[in-house]
Amino acid sequence: PAASSPASTAAATLRAGDSGPDVARLQQLLFQQGFTYVRITGVYDKATVRGVRQFQRDRSLTADPYGVYGPATRAALEG
């Protein structure tokens with residue numbers, strides 16, 4: 001049986017309206033960083049957008065659009 005391929009999901013850009021386990025993982029990471037208003041629901045909701053935007057501002061990340069979990073934001077949060 002083939003293992004799940006983290007490479008394909010690791011490069012995925014997540015944004016408002018998306019849902020699934022990748023979004024739940026993002027929410028968990030944000031919560032662990034102290035963004036306690038982010039709930040782990042698996043839905044990229046307003047609180048998730050807010051958390052991503054705040055994380056981006058806190059780290060002076062500008063490569064991804066604010067509120068969008070793209071490659072630069074992912075590298076900073078998961079790295």
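Visitor: Which residues of α3 are buried?
Guide: Happy to start there, bearing in mind that this is a predicted model. Buried here means under 20% relative accessible area. In α3 the residues that qualify are T48, V49, G51, V52, F55 and Q56.

Visitor: Where do the buried residues of α3 fall, seen down the axis of the helix?
Guide: An α-helix has 3.6 residues a turn, so residues three or four places apart point the same way. In α3 the buried residues stay within an arc of 165°, so together they line one face of the helix.

Visitor: What do the buried residues of α3 pack against?
Guide: Contact is counted when heavy atoms lie within 4.5 Å. By that test, the partners of the buried α3 residues are α2 (21-32) and α4 (71-78).

Visitor: And α2: which of its residues are exposed on the other side?
Guide: Let's begin with the covered part: V23, L26, Q27, L29 and L30 are buried. They fall within an arc of 160° down the axis of α2, so they line one face. Their cover includes α3 and α4. On the other side of α2, the exposed residues are P21 and Q32.

Visitor: Where in the protein is confidence lowest?
Guide: The average pLDDT is 89, and 86% of the residues score at least 70. Residues 1-9 are below 50, and beyond near neighbours in sequence this stretch has two contacts in the model. Where pLDDT is low, the predicted coordinates should not be read in detail. Helix α3 has the highest confidence, at a mean of 98, while the lowest, at 44, belongs to helix α1 (residues 6-10).

Definitions and conventions: Residues numbered from 1 in each chain as written. Predicted model: local features only at pLDDT ≥ 70, side-chain atom pairs only at ≥ 80, totals over all residues. Heavy atoms only, no water. pLDDT = per-residue confidence, 0-100. Helix = DSSP H or I, 4+ residues; strand = E, 2+ residues; numbered from the N terminus. Buried < 20%, exposed > 50% of the residue type's maximum accessible area, 1.4 Å probe, protein only. Arc of directions from axis to C-beta.
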